[in-house]
Amino acid sequence: MFAVWEMRARAPMLPLRLFAFRGFSAGNAAIFLLNASLTGIVFFTAQFLQVSLGQDPLGAGLRLLPWGVAPFLIGPQAGRLADRIGERPLVVPGLLLQAAGLAWIAAIAAPGLAYAAMLAPMFVSGAGFALALPALTKAVVGSVPRGDIGKASGAFSTMRQLGGAFGVAILAAVFGMAGSYSSAASFSDGFAPAAAAAAGLALAGALAGLALPGRHIPAEPTRADQALAPQQATASP
């Protein structure tokens with residue numbers, strides 16, 4: 001229904017022609033799956049640390065911080081690297097790293113697991129996220145004509161939020177088939193397949209990333225861009 005309305009609207013909120021740009025369509029699919037994977041696993045890992053490993057809420061939150069170390073260290077460099085080599089060489093390996101880290105967590109999840117054993121897979125998945133996110137942002141926003149950048153940015157943010165909600169729902173369904181909150185062991189029984197499902201979502205995101213252009217090619221300017229160009233030139237000092 002939304003697509004039909006947008007096709008008929010004189011000034012659509014999300015012009016469907018933007019999906020003809022590979023960077024926009026593949027980038028939005030990849031960020032949806034990336035955020036589904038990450039949000040879902042963070043939601044359940046915080047509970048795993050409390051229910052299965054006996055941490056209090058504050059302790060569980062502090063133990064999630066290592067997930068943010070890799071993005072803090074790698075994110076700025078990844079953004080600059082995307083300008084040099086393109087988005088796909090960062091997005092695909094990044095999502096594969098995220099999938100590998102989450103599959104590692106799924107393989108070791110058990111009651112009484114030493115927290116130190118989670119540090120390496122958390123860092124690996126965080127590093128993958130840090131590589132992929134700046135490149136995906138650039139792919140989506142940079143692939144459309146200049147006059148559509150605001151719409152592309154809004155679509156990108158919306159897909160991130162929808163992906164997060166989708167990821168929590170999918171992982172909750174997987175968790176509910178195998179585990180429960182009745183004991184540490186039963187929670188671990190559900191957490192391991194939920195983490196594996198998060199790894200699968202990241203892997204699907206890597207496949208979506210393969211559809212990104214190898215190198216960024218600026219979109220042709222629209223008539224609106226061309227009309228604005230003389231005004232911008234006149235306004236320039």
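**Entry 1: a serine to start with**

Before anything else I wrote down my cut-off: a residue is buried when its relative accessible area is under 20%. I'm working on a predicted model, so I keep that in mind throughout.

Is S52 buried or exposed? I looked it up and got 7% relative accessibility, so S52 is buried. I then checked where S52 belongs, and it sits in the loop that runs between α2 (22-51) and α3 (57-63).

What does the side chain of S52 reach? I found the backbone oxygen of A184 at 3.0 Å. I also found a polar contact between the side chains of S52 and S188, again listed at 3.0 Å. Skipping neighbours within four places in sequence, I noted contacts from S52 to Q47, P111, G112, A184, F187 and S188.

**Entry 2: stepping back to the whole protein**

I counted elements next. The protein has nine helices and zero strands. Read from the N terminus, the order is α-α-α-α-α-α-α-α-α, which made for a quick note.

How much of the protein is buried? My note says 43% of its 237 residues. For the surface I wrote down about 11,600 Å² of accessible area, with 69% of it belonging to carbon and sulfur atoms.

I also looked at contacts along the chain. Taking those with a separation of 6 or more, 79% are between residues 24 or more positions apart.

I picked α2 first. Its 30 residues should span 44 Å at 1.5 Å a residue, and I got 43 Å between the end C-alpha atoms, so the two agree. α2 is mostly covered, with 22 of its 30 residues buried.

Then I did α5 (88-108). This helix has 21 residues and reaches 30 Å from its first C-alpha to its last, close to the expected 30 Å.

Which residues of α5 are buried? My list is L90, V91, V92, G94, L95, Q98, A99, G101, L102, I105 and A106.

**Entry 3: the nonpolar cores**

The largest nonpolar core holds 31 residues, and F48 and F191 touch the most other members. Which helices each supply at least two residues of this core? I noted α2, α5, α6 (116-142), α7 (149-178) and α8 (184-209). The largest share, nine residues, comes from α8.

I followed F191 a bit further. Leaving out residues up to four places away in sequence, F191 touches I41, F44, T45, F48, I105, A109 and F175. Apart from this core there is another one of 30 residues, with I31, A99, A132 and V144 among them.

**Entry 4: rings**

I counted nine aromatic pairs in the structure. The rings of F43 and F44 have centres 5.1 Å apart and planes at 90°, so I filed the pair as edge-to-face. The cut-off I used here is that planes over 60 degrees apart count as edge-to-face.

F43 comes out partly exposed, with a relative accessible area of 40%, whereas F44 is buried at 2%.

Next I took F175 and F187, which form a tilted pair: 4.9 Å centre to centre, with 55° between the planes. F175 is buried at 5% relative accessible area, and F187 is buried at 0%.

Which residues form one aromatic cluster? I wrote down F43, F44, F48, F175, Y181, F187 and F191.

**Entry 5: another serine**

I finished with S143, found in the loop between α6 and α7. Why does S143 count as buried? Its relative accessibility is 8%, and my cut-off for buried is under 20%. The side chain of S143 reaches the backbone nitrogen of F24 at 3.1 Å.

Methods: Residues are numbered from 1 along each chain as its sequence is written. This is a predicted model: local features need pLDDT of at least 70, side-chain atom pairs count only at pLDDT 80 or more; totals for chains, interfaces and linings use all residues. Side-chain values use heavy atoms; hydrogens and water are left out. Helices (H or I, at least four residues) and strands (E, at least two) are DSSP runs, numbered from the N terminus. Buried means under 20% relative accessible area, exposed over 50%, partly exposed in between (1.4 Å probe, protein chains only). A polar contact is a pair of N or O atoms within 3.5 Å; within protein, one must be able to donate a hydrogen and the other to accept it, and residues adjacent in sequence count only if both atoms are side-chain atoms. Contact means heavy atoms within 4.5 Å. A nonpolar core is a set of buried Ala, Val, Leu, Ile, Met, Phe, Trp, Tyr and Cys residues joined through side-chain atoms within 4.5 Å. The expected span of a helix is 1.5 Å times one less than its number of residues. Accessible areas come from the Shrake-Rupley method with a 1.4 Å probe; for residues, only the protein chains shown count as cover. Rings of Phe, Tyr and Trp (its six-membered ring) pair if their centres lie within 6.5 Å; planes under 30 degrees apart count as stacked, over 60 as edge-to-face and the rest as tilted.
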